[in-house]
2 protein chains.
Amino acid sequence: MGAVAEPGQGITVEELALATRNRGMPLEGLHYEVTPVGMHYLLAHFDIPAIDPAAWRLRIDGDVARPSQLDLAAIRARPAHTLRVTLECAGNGRARLEPRPLSQPWLVEAIGTADWTGARLADVLSEAGVKSRAVEVVFTGADRGIQDDIEHDYQRSLPLADAMREEMLLAYEMNGRPLEPQHGFPLRLIVPGWYGMTSVKWLTRIEAVSQPFTGFQQAEAYRYQQAEDDAGEPVSRIRVRALMIPPGIPDFFTRRRFLAAGRVVLTGRAWCGSAPVARVEVGVGGRWAEARLGEPGGSWAWRGWSFEWDARPGEHTLACRATDAAGNAQPTSQPWNLQGMGNNLVQEIAVTVR
Amino acid sequence: MGAVAEPGQGITVEELALATRNRGMPLEGLHYEVTPVGMHYLLAHFDIPAIDPAAWRLRIDGDVARPSQLDLAAIRARPAHTLRVTLECAGNGRARLEPRPLSQPWLVEAIGTADWTGARLADVLSEAGVKSRAVEVVFTGADRGIQDDIEHDYQRSLPLADAMREEMLLAYEMNGRPLEPQHGFPLRLIVPGWYGMTSVKWLTRIEAVSQPFTGFQQAEAYRYQQAEDDAGEPVSRIRVRALMIPPGIPDFFTRRRFLAAGRVVLTGRAWCGSAPVARVEVGVGGRWAEARLGEPGGSWAWRGWSFEWDARPGEHTLACRATDAAGNAQPTSQPWNLQGMGNNLVQEIAVTVR
């Protein structure tokens, strides 16, 4: 991990290839409390596997009393739970950093909220009988590839106590329909509150282990590091963030916004994985004022906000920032990190009022 | 129209912003004869409008005997027709050109095939009674913005004879479900065989006109031009193209492919908007051989192909090229054009066999 762009270097063709494969949620998608399936952000490390659901099995093994293999019908036969969950990629905002870490070049659109339906992970683990020596649960996806010269299946772990939380789902539906292939068909893990890398797609195996997992995507990737030789801290819960629907109409190429003078209601949504959103402020030309919060969206989903702005002719910079109930606010400048993780710098939108 | 990147200039932040808003179909999506909704390519010039279907109306006017306004129920009450249609963005391949036209920086993924259901445009036009002086039909979308300093609603026209063809649909369903917002909810035009710019999304108005339409997206954009002062030819039907699913597994960042030695079946799909696909060839290290064509996908959809390759250890470049029934073959080098339109240069995939 750890290559960065040269100062002033344009986006590389490798970054572009990632940006055209993966996809953000266009910010006008903040209009929808539940993101339409095809607008939800998507990051797949390797290829999207094409899985035959009839042949697919989920293996549950490792430090469990009763190892098993479940087919999709067996998972669907369990009590179904539906949660509205906001997911965000841990690398969101990476392409705004200077120097720019070389990876998927997200600006701010790596977000989305869906209604995920599935079985409770805790139920499945309890049935398997996790042994007392187990400390973590490792989740393996069907996607395989190479990163930093290491060939591996995509794998992530959770501490056992986190895995047993009631909000962890083995999800087979998104917005009331079977998962589409790119979102993890036939089954994916959903870890509410955590950045998206933890919600392993195309699940094939759940393994209880008695030693902390040290696979590539856990021990090398997804760390808050300052340098290559810094082990860093693991990335986990989603940091507080607000985003705004860019008002007015865009220029096709520059995406600059143009707006008629007069009163305009600015709207957006805010979320945080570790505490409720307590406050959203809107900045106009660097002066901040309180936005009005909408109804809470449940424990794991974003919350709407709005702000009335009397738009006067001229050039303006709009911004928004959220603060969570623990007092964490989005930064207006932010310490850089090598992998470009957990960036929640405030969004800024340049607007011409005419 | 017509800005191009400096020689060797990296992708600009404006191009990146377009690439993260719009989305290609990851090439492993070629596995599916019908592309899942959320994998289908998407290009929206301006913002994706949020339309209230209860308030929405389609205005039909201009040179017609019986102008009208139809609601969604009235359109759904007409006989429904479903067509399987491959759509491709006219700018697909643009980012591979040198110098690179500055616009949405597609590599090769701006494709997708869906089952579109709707009313026949010809039925609606016949009911309206198009007057004999009408020469074209203009389609207006609800999306508005600025391009090259010109503020406009997105609009495109079709010659009347094309508009009356039986395959033209006013579509309200994609793959059997109501359109998602980004694909044109509640109603879009589907013009099988033509590049995607003609399939106007978020339709609000259909107008018969007695003079050729000269709006920005018709007279300025979507032209095969060599220079700014060259009026050029209009872009219309999709040129013949084949694409291959990259075999093996990828490196996360470079997307280079790695494959075990042995026999491998290479697969992909091919399509053309003006004639059936007659032939697909696969090139290995510059030597071309015939691929096997699958069943035709209907008049307007892509056709599968496959090729058995005995992969020997080493570095290889794989390619594929299609030829249509009129004898048009994909070029291995291609004349450049200013807007980067209609590029169907053969795809090349670098593969390491181990």
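**A sheet, a helix and an interface**

Let's start with one bridge: Ile249(B) has Phe258(B) as its bridge partner in β15(B). Keep in mind that everything here comes from a predicted model. That bridge belongs to the pairing of β14(B) with β15(B), residues 257-259, which run antiparallel and share two bridges.

Now zoom out a bit. In chain B, there's an open sheet of six strands, and the order goes β14-β15-β22-β21-β17-β18, with mixed pairing. The edges are β14 (249-250) and β18 (287-290) of chain B; each has a single partner strand, so one side of each has no neighbour in the sheet.

Okay, over to the two chains together. How many residues of chain A are in contact with chain B? It's 46, and they touch 46 residues of chain B. On the chain A side, the elements giving two or more residues are α1 (13-21), β5 (136-147) and β14 (249-250). The largest share comes from α1(A), with six residues. By type, that side of chain A splits into 23 nonpolar, 13 polar and 10 charged residues.

So, α1(A): buried or exposed? Seven of its nine residues are buried, so the helix is largely enclosed by the rest of the structure. The buried ones are Glu15(A), Leu16(A), Ala17(A), Leu18(A), Ala19(A), Thr20(A) and Arg21(A). And part of what covers them is α1 (13-21) of chain B.

As for Leu97(A), 85 residues away along the chain, its C-alpha atom is 15 Å from that of Thr12(A).

Chain A superposes on chain B with a rotation of 180° and 0.0 Å of shift along the axis, at an RMSD of 0.0 Å. The two copies are therefore related as by a two-fold rotation axis. And both use the same surface: 100% of the contact residues of chain A recur in chain B.

That's my tour, happy to rotate things if anyone wants another look.

Methods:
Residues are numbered from 1 along each chain as its sequence is written. Chains are lettered from A and ligands numbered from 1 in the order in which they are written. This is a predicted model: local features need pLDDT of at least 70, side-chain atom pairs count only at pLDDT 80 or more; totals for chains, interfaces and linings use all residues. Two residues are in contact if their C-beta atoms, placed from the backbone, lie within 7 Å. Helices (H or I, at least four residues) and strands (E, at least two) are DSSP runs, numbered from the N terminus. Ala, Val, Leu, Ile, Met, Phe, Trp, Tyr, Cys and Pro count as nonpolar, Asp, Glu, Lys and Arg as charged, and the others, Gly among them, as polar. Two strands pair if DSSP finds at least two bridges between them. A residue is buried if 20 or more other C-beta atoms lie within 10 Å of its own, exposed if 12 or fewer, and partly exposed in between; C-beta atoms are placed from the backbone. Copies are superposed by least squares on the C-alpha atoms of residues with pLDDT of at least 70 in both.
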